[in-house]
Amino acid sequence: MKITYRREMKHNYLIIEPENTGYDGYEIYMMEENRIEGLLGFQMKQIDGRRYYYYEITSKQPLNRVLEYHSLGEEELKKLINKTAQILERMEAYLLQEKQILLEPEYIYVNPETFEIYLCLVPGRQGGFPKEMSGLLRYLLGKVNHQDKECVVMAYGLYQESLKENYGIRDLMEIVGRNGVKEENQEGEEGSFSDSGKAGETPNLLASYFSAEEAEGEDHSLHENKKESLWGPGMAAVAALTAAAGIAAVLWLIFGMGGILRFWYGSAGAGVLTALVILFKARKEPGIFKEENSGKKEPSRRPEREDYDWRMTFEEESKEKEKEKEPKPEEVRRETTLQTVLLTDRTEDETIRYLRATTPDMEDIGITYIPYLIGKQEGLVDYVLSSETISRIHARIDREGEEYRISDLNSTNGTCVNGRLLETNETVALKKGDEVLIADFAFIFT
């Protein structure tokens with residue numbers, strides 16, 4: 001089966017030369033006499049004794065080309081499956097068989113704006129629809145928007161379903177109808193992709209992690225509170241009373257009750273001295289608790305002593321070094337001059353190719369990367385030419401080695417190079433000075 005493309009007037013055709021040129025099945029006449037929604041328009045031509053199938057592809061783009069620059073979204077995936085099912089259902093009314101459909105992404109055509117699907121049916125073809133559909137779903141799995149979890153889950157579910165024996169298009173439609181194939185356990189928790197495959201496992205792990213962090217924070221808080229109670233004023237009072245009671249007991253053992261009354265100042269002095277020692281110890285431990293304006297003591301993280309001492313010791317030295325690093329006025333002028341030279345140096349810009357507009361009301365198109373798409377469909381092309389004569393995806397510029405090339409992408413009004421109209425999907429080399437006509441917009445390639 002040989003496939004080519006051709007432009008005739010303002011129509012573009014995909015042309016198939018069948019292997020079995022003598023095939024004369026009823027499908028040919030059924031498709032010629034009827035316009036079946038969802039199938040590419042068909043006509044058969046006899047040229048020099050050979051049979052050719054012509055398919056109308058004007059203003060449509062192959063699926064693989066669209067997905068080359070655009071990730072497949074959830075709604076688009078749903079539409080692709082549902083529209084395929086609808087087309088197959090319509091085919092049954094015309095006694096057409098699904099095995100005659102080409103399911104390669106290159107031959108599935110879409111409207112880039114509405115994402116309407118058009119399939120190519122080849123009379124007499126003996127394909128294997130289930131296996132080919134599985135191959136298509138595997139291809140789509142790599143083209144979905146991987147930031148959209150629902151879309152990824154749906155695509156994966158469709159592909160897994162297609163691996164089962166005796167599956168049908170209705171099985172795929174059931175998956176599409178599950179709103180993203182959300183799997184819920186009995187508690188209503190949403191399932192997730194993981195090696196273990198357990199729904200809700202990730203949230204539980206996160207909860208455990210944060211619980212551990214909170215527990216660790218509580219432990220630190222308790223630890224700080226213990227330090228505060230050890231060296232705080234309360235502990236100082238307890239220690240003072242203990243010291244005073246101890247001295248009084250010694251005096252009582254030696255001199256009796258009269259000794260306590262006679263040397264009372266010894267007990268009192270021991271208590272005061274002990275309290276002062278405890279409070280002094282507390283002040284020597286910075287960071288165990290901090291004094292707020294309200295007078296409350298709150299736990300805080302103790303700073304690294306070495307880091308604190310370093311900052312205090314070398315603060316002035318660091319300021320002096322920063323002053324030394326400041327450029328002198330003549331250095332600033334020299335650097336500014338150098339930057340000006342670099343900004344005006346266009347050596348790097350000379351590597352960029354341009355489509356220079358030949359009319360003053362048009363701007364030049366800079367080919368800053370490859371491949372570069374030109375058309376009127378925002379979001380799908382790199383440069384938008386807003387005009388009714390421009391197709392949604394009109395032309396593409398590529399590069400192979402040092403050679404630049406331009407391709408017409410099935411445009412309605414065509415692309416010309418040096419006055420020659422390119423065939424649909426034809427690619428030609430571009431040289432400096434070539435005149436390029438994109439519909440009715442003229443440029444010079446430089």
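Over the ring of which residue does the charged end of K45 sit? In this predicted model, that ring belongs to Y13, with the charged end of K45 5.9 Å from its centre.

Aromatic pairs come to a count of five. Two of them are listed below.

| Ring pair | Distance of centres | Angle of planes | Class |
|---|---|---|---|
| F42 and Y53 | 5.3 Å | 50° | tilted |
| Y369 and Y372 | 5.3 Å | 55° | tilted |

F42 belongs to strand β3 (residues 42-47) and Y53 to strand β4 (residues 50-56), so their pair ties together parts that are eleven residues apart in sequence.

Helix α4 (residues 129-141) has 13 residues and spans 18 Å from its first C-alpha to its last, close to the 18 Å expected. Its buried residues are F129, M133, S134, L136, L137 and L140. Seen down the axis of α4, these fall within an arc of 160°, so they line one face of the helix. K131 and R138, on the other side of α4, are exposed. The cover over the buried residues of α4 includes α2 (63-69), α3 (74-93), α5 (149-162) and α6 (169-176).

An open sheet is formed by three strands in the order β5-β7-β8, with antiparallel pairing. β5 (61-62) and β8 (117-118) are its edge strands, each pairing on one side only. Two bridges join β5 to β7 (residues 109-110), and Y109 in β7 is the bridge partner of P62.

Technical notes:
Residues are numbered from 1 along each chain as its sequence is written. This is a predicted model: local features need pLDDT of at least 70, side-chain atom pairs count only at pLDDT 80 or more; totals for chains, interfaces and linings use all residues. Side-chain values use heavy atoms; hydrogens and water are left out. Helices (H or I, at least four residues) and strands (E, at least two) are DSSP runs, numbered from the N terminus. The expected span of a helix is 1.5 Å times one less than its number of residues. Buried means under 20% relative accessible area, exposed over 50%, partly exposed in between (1.4 Å probe, protein chains only). The arc is that of the directions from the helix axis to the C-beta atoms. Contact means heavy atoms within 4.5 Å. Two strands pair if DSSP finds at least two bridges between them. Rings of Phe, Tyr and Trp (its six-membered ring) pair if their centres lie within 6.5 Å; planes under 30 degrees apart count as stacked, over 60 as edge-to-face and the rest as tilted. A charge sits over a ring if NZ of Lys or CZ of Arg is within 6 Å of the ring centre and within 35 degrees of the ring normal.
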